[in-house]
Every structure is written in C-alpha cells, then in structure tokens.
Amino acid sequence: MKKRYPTKKKVLLVNITRLGDMLQATPTIAGIKQENPDCHITVLVEKQFEAICHVLPNIDAVIGIDLAYTCRSLAEEQSGIVDAYEYVSELVNRLKAEQFDYCLNMSSSAYTAILLKMLGVPQTGGWTADEEGYRVIESEWARLFATSVHHQNRQYNSLNLVDVFRCSADVEQHPQKLLVSVLPEARQYAENLIAEAAFTNTGPLIAVQAGASQGKRQWAPARFAEMIKILVGEYNARIVMTGSSKEQSIVGPIVEACASPNVFSAVGKTSIPQIAALLNLCDVLVTGDTGPMHISVAAGTPVVSMFLASAYGFETGPYSAGNIVLQPVIGCGPCNPNKACSRPDCHDMIPPRLMAYLAAERAKGDISEVSAELADPSKVIVYRSSFDDLGFCDLVPLNKPDGDLYSRHRRAYRKLWLDDLGGFQLSESESSGARRSALQVVDAGLEGLSELSDCATRGRGLMRDLQGLISDSRSPASKLTSINTEIVELDREIEELGYHYSPFGSLTRMFIFAKENLKGSDAAALASQMDGIYRDLGRRCEKFREFYQRS
Amino acid sequence: MKSLATLGEIMRTDWNRRVQHDYRFWVSNDISPTSIMWEEGARDFAVVTQGISAKRTHTALEIGCGVGRMLRAASEVFGKVVGIDVSPLAIDKAKELLGSSTQVQLCASNGYDLSGIADESVDFAWSFASLAHMPARIFASYLLELRRVLTSTGVARLQVFIGTTTGLQEVDTLRLRAFSEGNLQEALQQAGLEITGQVPTELPLAELLDEMGLRPVMLTVARGDNAPRSLETVYAALTPEGEECADVCEKASEFEAWLALNYADRLFNDGDFDRARFTLEYVAQHCKTTGIDIQDTLERISAVTATQDVQAVISSADSASQIYAKNAEVLGQRFPELLKKLDALADSELATVVVKATVDGPVLWRGQTCLDHPEKPKAGGDSWVRRSLNDVRFLRAAHLIVVGFGAGYHIESLLARGTHRVSCVEPSLAALKRALQLRDLRVSLRQLASLEVSTDVHKLECGEGSEVLSRPQVTMLDPTFTTEVTKQFYARRGLNTMKPKIAVLGPLQGGTLPIGQYTTSALTTLGQRVRGIDMSGFNKSYELVDSLIFDSGRRNLARQTYVETLSSMLLESFAEKPIDILICMAQAPISARALQELRRQGVVTVLWFVEDYLRFTYWKEMSKYYDFVFTIQKGDCIDAIRAAGAGCVHYLPTACDPRFHVPMNLTAEDREKWGSPISFVGAGYHNRQQAFASLAHYPLKIWGSEWPGCKPFDRLVQEDSRRVAPEEYIKIFNATDININLHSSSERDGVDPTGDFLNPRTFELASCEAFQLVDERALLAEAFVAGEEIVTFNSVADLKEKIDYYTERPEERKRIAQKGRERVLRDHTYEKRMEEMLSVIYSQAYQKLKTRQQSSPWGEMIRRAEVDPELRDRCQRAFERGEEPVLDGLVADITTGKGTLSETEQKLLFLFHVRKQIIRMEHEGAGVKNS
C-alpha cells in the first residue's frame, strides 16, 4: 500500500461531533498502534463524547472540546464572544503544548480545518487549511472521502468510509471490525437488566433500536411494533428495546402496542459502556443506520440494519463480516442528508415480516442467501457484509438483484481507487473479468468518458505550452493570457462533464480537489503540478474504462 | 425615643434650612454650575445602574433625590422616574431645574416612608449619598418600604458605608452613619430583602473617609424569600445598641458649622465675598458654636473689599519691563504668536487690570474681582489646586486645561506637583500681560503645554486624558468665556474620541434627498460610524395616496398614517441596530411619536432644516421633538424655532461635496447635449418665470420641473421640464459658460430683496468651478467675497448687464470660478459642516453620549478584549465600522484568500464556523421534526 507518513509518534485524531464517527475510527486507531507500537494517540472529541473514548481501546489520551459552552458564549454576544475566544485560545495552547507530529482530521468542517492550521502539526491527514484560510486536503484518500460523500457521487461508491478513513491514515493492518471494550461492571449491569425483564419466552434475545438521528430515517413505530409482534409470537423471541431517554417518545408507543411481557424497554437505562454490554448479550440487533448499530458491531453482536432515506449501506454500513444490510430500491434514495422529506416512500419498501425473518435467522447464524420471494429485489436489496482479499469491507447481495443500475460502476470505481490510490496488487479475481465484445465501440455506461479523457490530454498539451512560455523570458504576455483563458475554459468543461455524465462525477471531483491543493506561487512549479493533475485524470479515465469493461 | 414622624419633621427642618442657604453646596455639586451638576449626576447614575437593564416600561425611584441631580439621567432610560425628598424646598428646586417632564414625578415626602407608592410597583430603586445621613430608624423604615414597593424582579441599589460610627444621636441628620456588614445583612434579611451584590464606591474625599474607617459601598438588593419583620426588629438588627436619644445634637451642629466655615473660606479665597459673607451669617444664625471667631473673618472680608480700589505700587516701571522681558524671552520660544499679541497691546489697555500687594506677592484685580487670593495668593493657589484634585475626574486626568491665569500662583502650584501636564486659557490679554510684568514666570512658561488667550481650543490637546478646570473668578467675571471654552473643549474632545452611531434619515423625495447622501458621505469620510437611511423607495406609495384620496383632510390623515407606519419600521430597525444620534434631513418621514420614543431611549435627535422656514412651517409642530435643530437661516428663524421648543438651534448652511461636485472634462457629445452659453437649473417658481421670460432672446437653456409649456418657455425649457438628476446637472454646470442661480420666491418678482439663505446650488456650482451669477442674499457675504469669488446681481436688469459683460470676458469668468472653487473647498464642504454640527452636539451632549458609549455593549467588549491586543484592535475597528457587537461584525473583514491569516483571525474564523456548524446541525434537527 502506498503510504505518505508510514511512521508516527505523537498522533492527534480529530473526530469531534458524532458518536458513530468515534466508533468507526477504532480500526484506524488500532491499525496505527499495530504499525507504530510506540506511538501515543490523543483524541480530540466534543466534551459529551469524552466518556465513550474510555471504552475504546488503543487511545492514550482524550481532550474534550466544549462546543456547547462555546456556542452558549457566542449566543450571549458582546463579552460572551471574548469568553469563547479565550476558551479557544486555551484549547489551542493546550494542543500546541502536546507537540503532535501527525494529525488526522476526518471531519470536513471548516472549523476543524482552521484548528489544525493553528496547531501547525508537521504531518497531516484529512482536512486542514492553508495560510490564507483555504481548505486543504493533502491525502488523496481524504479527497476520495470528500468525493464519495458528495451527494451526486454516493451511489457510485462501494468503499466503506471506515476503510477510506483508515487509508487516509496510511493504515494497512487492521482488525476488520469496530472495537469497544465490554467492562465487567457494565456486563453485570446488563445481565441484571435482562434478569429484571422476566421474559416468558425462551427464544433468541433480540435488541431493537427504534430511534434514529433524523426523522426521515425513522421507521414508523407501528412497523416496529408489527415486526416485534411477529418475533415474539412466531419466533419465541425476547425483545430488548434500546435507546436514550430522548427516544422514549418513540419506543413508548411500540412497547404499549406490543403489550407483551417479552418486550422489555431498556430505554434511558444505559450508559454507553452499559449499552455495549447489553448488546453484547443479545443475539442480534435490529436497527437503522445508528450509533447503537456501530456499538453492536463493535461489541461483537451482528446487526440487521435498514438504510433508509439518506443512509447508504456501502458508505456507513456495519463494519464487520456477517451483518445484514437492507437498502431500499428507490429513485430518490439515498437522498440528500441535508433535506427534509415529507413522504418517505423508502420506508414502505421494507416489510416488517421480512425484518422479523432476517432478525430471527441472523440470531440463529450467518445468512448466505435470501429468496426473492421473501425480499423482492425490485424493492429492497439485502446484503451481507464481508471483507475482500485486501481487507476492505464490502456488501454482497443475497436476494439476487438484477436491476441495480449502479453496481457495475461501483465495482469499477472500487478497483480503480484500490489500484490507483492504494497501489494494491489486485488478485486475478479482482482485476480480471470477462471482456466485453471487442466490437462494442462505446460501452453503455461509459458515455462521456472519452470526452473527459480528451480533456485531460488537452490539459497536458496546454501545460506543455505553458511551461515553454514560462521558461522563455521573451514570451509575450498576450500568449500567457490567451493560454490561461484556455485553461480556465478547459477546467470548466471538465467540471461540467462531471455534472452532465454523473457516473464520472467522482473523477472530476477528485480533479477539482487536486486543483484546490496546488501549492506555492512559482509559475513553473504550479504548471508542473497542474500537468500532474491532468495526467492523473487521464490515467484514471483509462483505468476506469478498463475496469468497467472487465467487470 | 422619637417617633418616625418626629424624626421626619426634624429632617425636613434641617434640610430645608440647608437648601435655603445654598442648595449647590449642601445637596448638589458644590459651587459648580448646573450643567456640571447634570454631567456628574449622569456619571454617578451610570455607576449606580451599572449592569442594570433599564427598560422604558420600568418605573424607577430615588430616595433622597435632593434637587434632582441624578433624575435627568434616569429619565433618559426609564419610562417613569419618581424622586422623593424630605425637603419641599429641594423638591421645588428640582422642579425648577428639571422643567416640565412628564416622565419625572417629584414628591416631597414625610421623610420616613414611601406612602403614595403602590405595592410592587417599582422596578428599580436607588439612594445615593442620602441614606447615610438619615437616623437609623428611618433607614430601617425605608428598608421595609423597599420590600413593599419593589416588584418581584425589582432591584435596589443603595449607597451606604461599611464601618463603625459611634455616639450618633437619632436627631443627627448630617454626620455619616456606617454599619457593620453583619448588621446590614441581618437588617436587610429581617426586612425581607437580600443582598445580591456589593461593590466599592468611589466618592470624593476618599482619603478622609478611609481615615475615618468608612468604606463606601453600593449594595444591590432584591426581595428575599423571608417575610418582612417589624420596624423595631429591623432597627435592632441594624444598630443593636440603638442610637442615642436627644433633642438637639450639638456635634451635628458643630459639624455643620465646620463644613459651612470651610465653604465660606473657599468662597472668600475665590473672591466671592457676598456668598462668603452670607455663609458666615448662616453659621452665626443656625450653628450654635462658639469655637470659631466668625466676626473676625467677616471683618477681614470687609477690609479687603473696602481697600480694593487702592493701587498698590509693587514695583517700579523699570522692574516691570525687566520682568516682562525675561518672561517674553521664554514666551517667544514657546508661544511666539501669543507674544506678538501681547507686544502689540497698548499700555493704556492694561489699565483695566489693577495690581495690589500682598505678603505673598502681587495679585491682580479686574473690577471688583481679585483673580488670585486677595491676601495669601500662594496659599490660596495651593489650596485651590488641592481642592480641585479632590475630584477624581481631575485627579486622574493626564492633562488639565486651566481657565484663568491670574497672577499665576495656582498654575505654579499645579505644575509643581508634577502630576499633570497643564495648559492654560486666559480670557484677558491685558491680565496676562500684567501678570508677566509682575512676576518671573519663566519656569511655568517653560512647563506649560499650551497658553492661549482665546476660546479657540483647537490647538489644545482635548483627548480622553484632558479635563477643563475653571477658576471660579473667571466663571464669575466672564461666564460666557468659560462656557465657550468648555463647549469648545467638549466639542473637540467629542470629535477626537467619541464614536457614536449616527443615522442620517433622508426625505422621501425632493432636493434634500442628495443632501442627505452628501451628509452621510461626509460623516463617513470623517471616520464616524454612520448609517444612511434612504427612504426614497417608499415615495411611490406615498404619492399613490394622491391618486386614491382627493379630499385634503382625508389625504393628510392617510399621509400621517403612512409616516407613522414608516416610523414604526424605523423604530424596529433602530431596535435591531441601535443608534446614538439621529440626524433627520428636512421632510424626513418620521413622526413625533417615534422621535419621542427615541429621545426616551437616550438617542440625540437632530434636524437639519435645509428649507426656508417661512415657506415650510412644519417646524412649528416638530421642533420640540429635536434636541438640536440646524437651520440655513439666521436671526428670526433661530428665535422662532427656539421658541417652538427645540433644544438648541444653530445656523448651518448647506455646502458642496467635493468628490461629486467636480470640474469635468466632458465629451463633445455631452457638451452638445448639456451645454449652453447660459443655463439655469431649478424648478419653475413664480419669480423665475417672471425673470426668465425677459431673457428669451438670450441663448438660455432652462432645466428642471414645473415650468410652463407656453411661450417663450416652450423653446427655453429642456426635455419636457423633467426633474434633472444630480449626475446630470453637474454636467450642465460644467458645460455652461454662465450659470444663472436665482433663488426661488413664490411671492416676489425677480430678485427677492428679503432673501437671506444660500441654496445648495451656490456651493455646488462653485465646487464644479462653474461660473455663476447669483442673486444677492443677506448671508452671501459671509460665505463668498462678491466680485472676487462669485458675481451677484440685484435685479433682472442687473442680471442682463452682467450676462452681457461676462459673455465677453471668458478669462475673467474662469478666474472668478477658480477662486470660488478654492473658497468652497476651504470653507463650504459637507465635511466642514458635519464637523461643525458634531462640535455643537458634543459641546452640549458630550457627557450624555459618553455615558451612553461607556454603557454600550461595545464598551464592555473592548475592555474585555484587552487580553489580546489584536482582538482589541479588531473590536475597535468593527466598532468604528459601525458593526454590531456580534461575531459576524468581528469577522466581516476577514477574507479567505486575501493574504496570510493571523492567529487571532484564525481563532475568530474558528468560532464563526463552529457556530455555523451548530446552527446547521440544529437546522437538520428541525428538518427531522418536520419530516
């Protein structure tokens, strides 16, 4: 694997605002430790997530940033702004004093980029800012991260963000799962909780996480109730409802509707270590794309998870082998996370009975096939999570879908990035496939790729001309102006091709990010860097074509 | 033990007596004039209300308000202010000083309770320099009353003394009482109150108080959870040992005598013999003391005043000239201009100043007033300096401007301390020359920062560290001089240091519209925090009223309603982005209600009435809502507007904007379109129609609206008599050989012989270096030199003659136009006008604006930002740009990609993006609920 900074001693990981993000960083943290056994890892998190860091292995120190205090102070305005300013000054001084040699920031937020700039850490992965405040993404894997989560490109990505994050930190060896410590006292608490439930059924212990972070990702309580009734009535299941006290309003009606001694609500009764222990005791968790989903995976309990609305299984699916992921097949999904939805039709694509079946089956053991009768592949694709030969997480369809318009592009992109960014030697099975007919001049799905490739070639030609003009001090200024105009026009054309031919948005987005990261002000050096960017684009176009045609 | 009623009666008698003697000394600011009393009242009120959120809906109460020293400041922030005092004479004086104010309610109380004030009706109560003089039982009674009248969220601020005072008698209404912290807390608790804050208070004579073991503090008090106990319980908690019972308090009487005698001594030293004598008589009559020989002092006063006309020969003529020569040598090096003036002064003019000898040296007399201490000038000078520096305002100043040089004793004393830089302003050149003939003042002359004999303080340092200190003799002899110096000082100081937020409110339409824009632009150039409010977009709706309603009464009502609506919007806008000064241009669409509301909020309201006051008379109703009115006319106009109730009225003519009204190199096409040998720009008023009809045979182009379409105007008037925009008429000015500027009149033919003010065109034409013939105006001579910088005409016949004359003389036209431009650039720009306007405003309202600025959110924020010099500078810059004290304002000028960001900028951007991210996350949350 290509690595930018293989050796790390004093590491800062910035992962501030989400619980799930912290858990998803655990394979990377473990990998850094594995590859640099003497390194010291500090994590910077929002204050409320400090506690969870203590049950995540391999972390040496945790620093909390109190965003709530900062925002409260700012809201007071006037002197409150000075309070917030002083708080930031103290934080920056504290972090500077640590003298980190490597920092990985996988949050795309502007404020973490500026924070990293202030720290002046010599080696960085992920997002930072330059002297003038512009965003800088130095690592190509981090640019791929930004490219993949760009709404237009999401469907074409099949790399789990945990892996992309891991590669951004140059981590090759990793445990192929999320990690969390199940503490003995938490386990005892969880066991007591189960005992308190006094179930009458004797079947599988199934946890249900009904709440979700966004309303549009929230499967209706009535559906959950229906699923639970089937599980309790037909599968002899014991149900533990999980969630925070804020989710009581969602879970309460479900428990009420089920009216069964075999439905126990642990909502609001567990801390993060306790929920990890509780899930560890369960046979399976039924959930959406939630924080508890990641906790369950980390605690070693498989999940059956629905990826509704904006959630996308390939991107943030459960990171371990053998989990079940359900992705509705619907034109509008996965939708934009920043937009509300008044008619979440994707929720209708998943019948409660199917969920009950999958949960009961997964509680028994691994699932390798799901019949199309049970799970209509035109409505929902059921996947099983697994790892490929190179240790990258993947989702394998179980209900034989044939209408997935994006799968071929996803395959091609997966190979492209592993080859081009990672430098991985793809195995025969990964790299080769049945070649399509040589007579097929333009393969369906590759429309626009040749134009993009031509642009890359033209770009390199322009760069050659530009470098010639720069090196010749007698060159007239008008020629420079003219060539500059051509470059601007060409770059606009490349960007527009990405929008017009959506399958190639990822290629053009990588091109844009690379341009944003040009360094220095020397004209010749800039022209040379730009030549490299056009070269990368051209090479990636050709590789994509090859991988697509072979897939 | 006397009853509360009896104690109240004793207090009333005592304080009435003192107020009758000299209210300034006993209940106000010593010998200072009323203007200083308001200023210092405002300053102390700001201390009392620090951290208190005053609202217009709140009622405030002062216990022991005296002559209302702090009430004026209170009325500017609270909706209703009640002042009570035991002395009806003090209340009468307060009514006289405060004038008629519907907000302030003054009440002579029984001296021991708040009867007449409803339960839970007071949002904020305070007492300053008052409770400490009251018998402890009355103090206790007021605590219980406060518990009764404060609202549940109400707060009281009480200035009291922590310490121990022994041997106080209950009938003592003068000496300070102090209580232990524990007793105070207990008493407040027993009264059902609780102390929520306590801060030290700075008072004059701090050292003396310290020696006495008295620690002045300001208590913040609110209703507590405890039910109030009986008066006796509260009183016992306050003074467990109780106060002594007696019918008369001799110690109080002695103390009163001591205070009054010191006062008399000061009056005597300051040369105010009448008041000194009156004060001594007061002591003799009311204070039963035998310890001090009053008669002796009275005789000394009589002796001094009886011999003041005796000329004492203190030096020969030769020695006077020698001393002057020595002083002049230094003066020539330090203040050469002043020396020239002094040298030019004839000896005969020195006769107005009389010299007398004392044991300390010679002193100067002007008329009946000695400019120094009449007997011991050196000790008197020292004493005056010491007394003056008892006031922390002067003590803390870095630079003192002393008004009055006298024979220089006090200047020497002040300089000898080495604590201040000292400047001096002396009203009389003769007195100064006399002083320089009498005494070798070279050391002082070398040390003085400035020495002026003028009210013009422009050359003096007038920053935050400076203060003006007036000699009482000068104030008595030449009050106008002292007032003018003080005004000029505050004007200068305001311009140097104040950054109030100024809004300029333009009219809906008409010729004043661009003047509002020029005003805004000039204020911006002067570095002021200005916000121009263009209301012209609302004009279309205003005019549509005419097409809907035809009855004039109904139409006026509809228009008023429309203006009221606009006013409400303006108030909302000002609530969002607060302002300190509102400058309304003539015809600005703002109602009396809105102006009243803004004044209640402490905003200084200003009207620049750039109209003929005889033609437009709405000032009659509106003047009273403005603190300042500036007019383009003098004399009767100013008197009439002042009589209509305006606060201050000043003459301020219009001007030119030298960035806009400029000489232009026009294209041939523009010259063809806009040019002419003779042009006129303006509306078709009666006198203009009458005059220009007879110019029909000239190559004249008339531009502007409201001209008739009949002959001969059908040929003269351009482009269907449309209104010409400012961008267009400066092209006309530039493209015309002779511009006629005939001021309008609806009544007269041709030139109005009574015309006084100058229209803006006069200045604008001159600024464009365009040649103009302007009709004679009464106020023209002080703006231009006729014949050199401008050419006038006094009749239509005269106009024709001058057109003929100047048509033939392009060089002469050019020369006059150039001189005219030089003149307006020097004296008649809008920047000059705004400097003058602000000077006037600051000279009158400096303290008010200063207090407002100090209590503004920016003041606190800039103080806090001292932790980081760059942050502080950034706050200061944002403040000066007129931003609100919010994060967006601080980061408004940080631009990504425009150079390397400093760490301070990065931290602010960090905060900016944190907040943005949190808002985004909250928005996502909200979106979830909707879905």
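## Helix, interface, core and sheet

Helices (H or I, at least four residues) and strands (E, at least two) are DSSP runs, numbered from the N terminus. This is a predicted model, in which local features need pLDDT of at least 70 and side-chain atom pairs count only at pLDDT 80 or more, while totals for chains, interfaces and linings use all residues. Residues are numbered from 1 along each chain as its sequence is written, and chains are lettered from A and ligands numbered from 1 in the order in which they are written.

The buried residues of H23(B) are B:Val563, B:Leu566, B:Ser567, B:Leu570 and B:Phe574, where buried means that 20 or more other C-beta atoms, placed from the backbone, lie within 10 Å of the residue's own. Their cover includes helix H24 (592–600) of chain B.

Between the chains, 34 residues of chain B are in contact with 33 residues of chain A, contact meaning that C-beta atoms, placed from the backbone, lie within 7 Å. On the side of chain B that touches chain A, H38(B) gives the most, with 16 residues.

In chain A, buried residues make up 48% of the 551 residues. The largest nonpolar core has 184 residues, and A:Ile239 is among those with the most contacts inside it; such a core is a set of buried Ala, Val, Leu, Ile, Met, Phe, Trp, Tyr and Cys residues joined through C-beta atoms within 7 Å. The largest share of this core, 9 residues, comes from helix H21 (residues 523–550) of chain A.

Chain A also holds an open sheet of 8 strands with mixed pairing, in the order S9-S8-S7-S10-S11-S12-S13-S14, two strands being paired if DSSP finds at least two bridges between them. Strand S9 (263–265) and strand S14 (393–397) each have a single partner strand, so one side of each is left without a neighbour in the sheet.

| Helix of chain A | Angle to strand |
|---|---|
| H11 (residues 248–258) | about 155° to S9(A) |
| H12 (residues 272–281) | about 160° to S8(A) |

These angles run from 0 to 180 degrees between N-to-C directions, with axes fitted to C-alpha atoms, for helices over the stretch in contact.

Conventions
A residue is buried if 20 or more other C-beta atoms lie within 10 Å of its own, exposed if 12 or fewer, and partly exposed in between; C-beta atoms are placed from the backbone. Two residues are in contact if their C-beta atoms, placed from the backbone, lie within 7 Å.
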